[in-house]
Amino acid sequence: MQLASVLAIYGLFSLWAETYLFGLLTWFDPNLFLLSALLLILHWRGPEGYFIAAGFGLLADVYSSTPFGTYALAFFLVSFPARWYAVKIFQDAMVTLPVVVGVFSLVSNGVVYLVLYLFFGENRFSWFWLNELIGRDALPLAALSAPLFLALLWLEDRLRIRLSMRKF
Amino acid sequence: MLKFLQRYKLRLSLGFVLIFLLLSLLGQVDSKRQENWMTSLFQAATQPLLQFSDYMVDGVSSIWTGYIWLVGVNQENQDLSKQLLQLRSEAAQGKEIYKAYLRQRELLAFKQKNQDQKVFAEVVGEIKRGFSRLLVLNKGANEGIKKNFAVVTPLGVVGKIQSVTTYQSVVQLITDPNSKFPVLVQENRAKAMVRGSLDGTISITHFPRRTEIKQGGVVVTSGLAGILPKGFPVGLVSSVEKKEFGLFQTVTLEPVAELDNLEEVVVILYANQNIHHPLFTD
């Protein structure tokens, strides 16, 4: 029940922020679905992270013009190196979190581009687009990672669960 | 068999998810994107959330402008008195322009006797991601809106309806990288295809090299795809790129509709002058 609450809170917040809050800010387009999935994978470290990533990817696909499943597949694929990193290196190190999230954000967008390229012939890569991606998506996402990670820890305290110890 | 399933349940589940997602994408190779029950379900579920947010932001901004903002009103009042004198002289000039406007409006009303059937909708959400540029409207199927209906403003084309639920619809903007529709260059009637790009602009990538096109030229919808009605302004030519060799030139357009600050839009339910609009609704 508590676990479902954490997932529901993150899912709803991501949906609301993506569709409403960030629409009001013209210079800020972070992919909050990816951030939520990444934080859960990095902190939880369990194999459940793969499915959570796919789930948040499907949510991202609901409000997207790319073929349905593109984000889900990209998040799912990105969840493997993310979990590996979480288990082997990360260990809840807050200092490196923004860098890790920024890098995974770029990797995820790269995978989305690759999926679109392989399945749908997308080939309009430009450096301007990459710059935009870094400035409007990766950097804001990195900046948001620390407060949202702290929010996750706070939620754990409130709901008395420990995701990393798989006690819920 | 049961032991095998239990032993490899994680790997099997992961394989199942991967195959499901790959098949889902393969099924859309021709159609580019297909809406399904999940998109409808989640879009319907977020509608009250967006409506409530819009309502709350309106409330907070009215409190801000109505009360908190009044702190500096005395100074502002003095400044405004000075401006008033200047504005009075401008107002006399403005009256003349207004009268001319009324005359023009009457002419326009006469011209638009056969109006299209439309629905006015408010923008309650906006999604801008690397590969998507969408708007969420507060009107849906209950107002007669269907997939692929054109969305415009008095200035020009905004996009088309991508998906609809009962009380909400999602618009794919013309600047969306997956948006593609036929247009006409107003001056010489040359046909072309406009595409959104990853960097948020719109362009004609395969415009015949020998056909002349000038900067500032108007590009309008051709109505040929049966989605956007004919004759709506799409954009003004902002640059023309002609490479040394090749059959085509690339034309970049500046959208005429102000897509970054849209608050209300018009969804066209039926265009009277268009015999086939829209062809591909669900």
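Reader: Within what distance do the axes of helix α2 and helix α5 of chain A come, and at what angle do they cross?

Author: This is a predicted model. In chain A, the axes of helix α2 (residues 32-44) and helix α5 (residues 97-120) come within 11 Å and cross at roughly 125°.

Reader: Why are α2(A) and α5(A) oblique to each other?

Author: Angles over 145 degrees count as roughly antiparallel and those from 65 to 115 as roughly perpendicular. The crossing is at roughly 125°, and α2(A) and α5(A) are therefore oblique. Their crossing is right-handed.

Reader: Which residues make the contact?

Author: The general idea comes from helix geometry. An α-helix has 3.6 residues a turn, so residues three or four places apart point the same way. In this structure, α2(A) contributes A:Leu34, A:Leu35, A:Leu38, A:Leu39 and A:Leu42. From α5(A) come A:Leu97, A:Val100, A:Val101, A:Phe104, A:Ser105 and A:Ser108.

Reader: What span should helix α1 of chain A have?

Author: At 1.5 Å a residue, the 23 residues of α1(A), residues 2-24, should span 33 Å. The C-alpha atoms at its ends are 32 Å apart, which agrees.

Reader: Where is the kink in α1(A) centred?

Author: On A:Ala17, with a bend of about 45°. A:Ala17 is also buried, as are other residues of α1(A), including A:Leu15, A:Glu18, A:Tyr20 and A:Phe22.

Reader: How many helices and strands has chain B?

Author: Chain B has four helices and 12 strands. Of its 282 residues, 38% count as buried. Among its contacts between residues at least 6 apart in sequence, 59% join residues at least 24 apart.

Key. Residues numbered from 1 in each chain as written. Chains lettered and ligands numbered in written order. Predicted model: local features only at pLDDT ≥ 70, side-chain atom pairs only at ≥ 80, totals over all residues. Heavy atoms only, no water. Helix = DSSP H or I, 4+ residues; strand = E, 2+ residues; numbered from the N terminus. Expected span 1.5 Å × (residues − 1). Bend = angle between axes of the 7 residues up to and from the residue. Buried < 20%, exposed > 50% of the residue type's maximum accessible area, 1.4 Å probe, protein only. Axes fitted to C-alpha atoms, helices over the stretch in contact; angles between N-to-C directions. Parallel < 35°, antiparallel > 145°, perpendicular 65-115°, else oblique. Left-handed = near helix turned anticlockwise from the far one by under 90°. Contact = heavy atoms within 4.5 Å.
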